[in-house]
Amino acid sequence: MSKIEDDVCKKIQGRAEVGLKKYGVSMEDEVLSTLAWLKHLQEELMDGAVYIEKLIQALQEKGT
């Protein structure tokens, strides 16, 4: 793997640790319905879209 991929893997592991501390379960332990998983995914993607829009607007304001 490249350093970039290695960094992404480390971040994923870090998020898993935070999730375990916060919720007390791992992804393997968490049993949700397919619909619940889809709703979680949708919420995360909507957050991502908001972050992207914020950055686009900031770059446009700077003229880049």
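1. How many salt bridges does the structure hold? There are two, where a salt bridge means a side-chain nitrogen of Lys or Arg within 4 Å of a carboxyl oxygen of Asp or Glu. Before we look at them, note that this is a predicted model, in which local features need pLDDT of at least 70, side-chain atom pairs count only at pLDDT 80 or more, and totals for chains, interfaces and linings use all residues. Residues are numbered from 1 along each chain as its sequence is written, and side-chain values use heavy atoms, leaving out hydrogens and water.

2. Let's start with the overall fold. The protein has two helices and zero strands; these are DSSP runs (helices are H or I, at least four residues; strands are E, at least two), numbered from the N terminus. Helix α1 covers residues 3–23.

3. Now for the dimensions. The C-alpha trace spans about 45 × 30 × 20 Å along its principal axes. The radius of gyration is 16 Å, whereas a compact globule of 64 residues would have one near 11 Å. That radius is taken over C-alpha atoms, and the globule rule is 2.2 Å times the number of residues to the power 0.38.

4. Next, the surface. Buried residues make up 2% of the 64 residues; buried means under 20% relative accessible area, exposed over 50%, and partly exposed in between (1.4 Å probe, protein chains only). The accessible surface comes to about 6,200 Å², and 62% of it belongs to carbon and sulfur atoms. Such areas come from the Shrake-Rupley method with a 1.4 Å probe, and for residues only the protein chains shown count as cover.

5. Back to the pairs. Side chains of opposite charge can pair when their charged atoms come close. K3 and D7 form a salt bridge at 2.9 Å, N to O. Both sit in helix α1, four residues apart, about one turn of the helix. K3 is exposed at 62% relative accessibility, while D7 is partly exposed at 28%.

6. The other pair to find is K10 with D6, whose side chains meet in a salt bridge at 3.4 Å, N to O. K10 and D6 are also four residues apart in helix α1, which means about one helical turn separates them. D6 is partly exposed, with a relative accessible area of 29%.
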